[in-house]
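Hi,

Here is the structure we talked about handing over. My notes follow below it.

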Amino acid sequence: MQDTTPFPYAAGFRSLTEETPSPVALAVRGEIPHWLEGALLRTGPAKFEVGLRTYNHWFDGLAMLHRFAFARGAVTYASRFLESNAYRAAEATRKIAYAEFATDPCRTLFGRVAAIFDPKLTDNANVNVVGLGGATAAFTETTMPLRFQPGTLKTLGVFAYEAPLSGQVSTAHPHYDAARKRHYNYMIEFGLRSRYRLFSVSDGGVQDEIAEIPVDRPAYMHSFAMTERYLVLVEFPLTVSALDLKFSGKPFIRNYRWQPERGLRFHVVEKDGGREVATAAGEALFAFHHVNAYEEGDGLVIDMIAYPDAAIIDQLYLARLRAGTPLTATGRLNRFEFGLGGGGVSRRELAPIAIELPRINYASRAGKSYRYVYGAGIEVEGDFLDSIVKVDLASGGSARWYERGCYPGEPVFVATPEARAEDDGVLLSVVLDVGSGHSFLLVLDAATLNEMARAETPHAIPFHFHGNYFPGRSPTA
Ligand SMILES: [Fe+2]
């Protein structure tokens, strides 16, 4: 009989309503390297109740920004709610006013038009923090990143692209090509003729279309792949009809259907010129996160965290998580390879471990061959992400940081200033310790996963998604 004892990870899905607007110094156990001078900026759902209602899904919660600032071996913590229109309306009316991933607004406010086609697309940017066009912006999966002030976490407003393209859904995982000085992303324009639209954003914030790919039933794609010359959209067979999205009256993700017979569809598009140089087909799988991709000979290598199907989305509904229900859908690091001239797609698992929220040494290895993947892992079967793992792609071996009752988030890699090896640096992760009821910032040696330091925050920080490290002193003006 399956063990159904609840897991204590449920503590990571309680709302945090308390802000820490002025940075507080955290007591450090161990030693934070003195070269670490900058800020880890993160976003994530923090508030799950509005008035008498509770959001349905982990991905729906109202965003809070978190900032860990490092200087001379010390660290401070600050947090503020992202003052999105969705947040302001919820605060003012005590009602859910904007449609999220799996929750629709109160009907009286919502009317009859599906929210994705409504001017009130959500700006509840709870997924990622990215430097964009000289600004710092929080992202969700609509096309409206929100700028905020990195020193004070004050919300500044929607990021104003020059000549914005039209589309309703995008990703919170844009890529950055340092050689071209451009961000890359895609959006979906839903309509009678839906299309994927690949685009770049210059450091000046100008949005340029690269290519349009017509699509009958757009796929749910949380991220995409980038190599030195190409962007690769991988369509998972979790797809939607634009008409259903418009008229079904169901929350966004509940309109998507798992259609394994469609398999995987890879679209390879040149960054320069926008030509679709290849398509390929593979067996059905689902993924949120691409890890990295690169060109090898006449073909491509694409690594992602794959699931057999999209059941993971259902397992992340809040009621299940708050009950500490065992999770059975786990992601695995998979490698896909195919030739640009045609032929089949090969797939293999690169490590026999559960892993999610993958990170790499992005600054030096994005789009290139690479050796190390970091992520949050699962040590105890059925538990939520309970460890930090490192996979060595050269040897196939893995290392792990694990402490009973502790639940780490995404490990963000920061290279040492004089780094020589790919893993010469530290990992920064926000960990919830359910025993103490507090979270702590954990600093690991990225080479060994040995603990260097930890610093406890004033309270528990709910589980969240992504962020990035921004070197240098954050401007506060
Ligand atoms: Fe993500």
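Strand β21 (residues 264–270) and β22 run antiparallel and are joined by six bridges. Within that pairing, Arg265 has Ala281 of β22 as its bridge partner. Both strands belong to an open sheet of four, in the order β17-β18-β21-β22, with antiparallel pairing. The edges are β17 (225–226) and β22 (276–282). Each has a single partner strand, so one side of each lacks a neighbour in the sheet.

Please keep in mind that this is a predicted model.

**Overall**

The chain has six helices and 35 strands. Its radius of gyration is 21 Å, close to the 23 Å that the globule rule gives for 477 residues, so the chain is as compact as a globular protein of that length. The C-alpha trace spans about 60 × 55 × 55 Å along its principal axes. Of the 477 residues, 47% count as buried. Take the contacts between residues at least 6 apart in sequence: 57% of them join residues at least 24 apart.

**Core**

The largest nonpolar core has 143 residues. Leu82, Ala138 and Phe236 have the most contacts inside it. Strand β6 (residues 62–71) gives the most to this core, with seven residues. As background, nonpolar side chains in soluble globular proteins tend to be buried together.

Which residues does Phe236 contact, leaving aside its neighbours within four places in sequence? They are Ala219, Tyr220, Met221, Leu264, Leu285, Phe286 and Ala287.

Start with β15 (residues 195–202). Six of its eight residues are buried, so the strand is largely enclosed by the rest of the structure. On one hand, β15 pairs with β14 (residues 182–189) in the antiparallel sense, over eight bridges. Tyr186 stands opposite Leu198 of β15 there. The two strands form a hairpin, with five residues between them.

On the other hand, β15 is joined to β16 (residues 207–214) by seven bridges, and these two also run antiparallel. Arg197 has Glu212 in β16 as its bridge partner. This pair, too, forms a hairpin, with four residues between the strands. Gly205 lies in the turn and has a positive phi of about 90°.

**Helix α1**

In α1 (residues 85–93), the buried residues include Ala86, Tyr87 and Ala90. Seen down the helix axis, the buried residues of α1 fall within an arc of 100°, so they line one face. What do the buried residues of α1 pack against? The answer is β4 (49–50), β6 and β7 (74–81). Just after α1, Arg94 takes a positive phi of about 60°.

**Phe465**

Phe465 is found in the loop between β34 (451–456) and β35 (466–471). Is Phe465 buried or exposed? Phe465 has 22 other C-beta atoms within 10 Å. The cut-off for buried is 20 or more, so Phe465 is buried. Leaving aside neighbours within four places in sequence, Phe465 is in contact with Gly44, Val127, Asn128 and Glu410. Gly343 is 122 residues from Phe465 along the chain, and their C-alpha atoms are separated by 36 Å.

Best wishes

Definitions and conventions:
Residues numbered from 1 in each chain as written. Predicted model: local features only at pLDDT ≥ 70, side-chain atom pairs only at ≥ 80, totals over all residues. Buried ≥ 20, exposed ≤ 12 C-beta atoms within 10 Å, placed from the backbone. Pairing = 2+ DSSP bridges. Core = buried A, V, L, I, M, F, W, Y, C linked by C-beta atoms within 7 Å. Contact = placed C-beta atoms within 7 Å. Rg over C-alpha atoms; globule rule 2.2 N^0.38 Å. Arc of directions from axis to C-beta.
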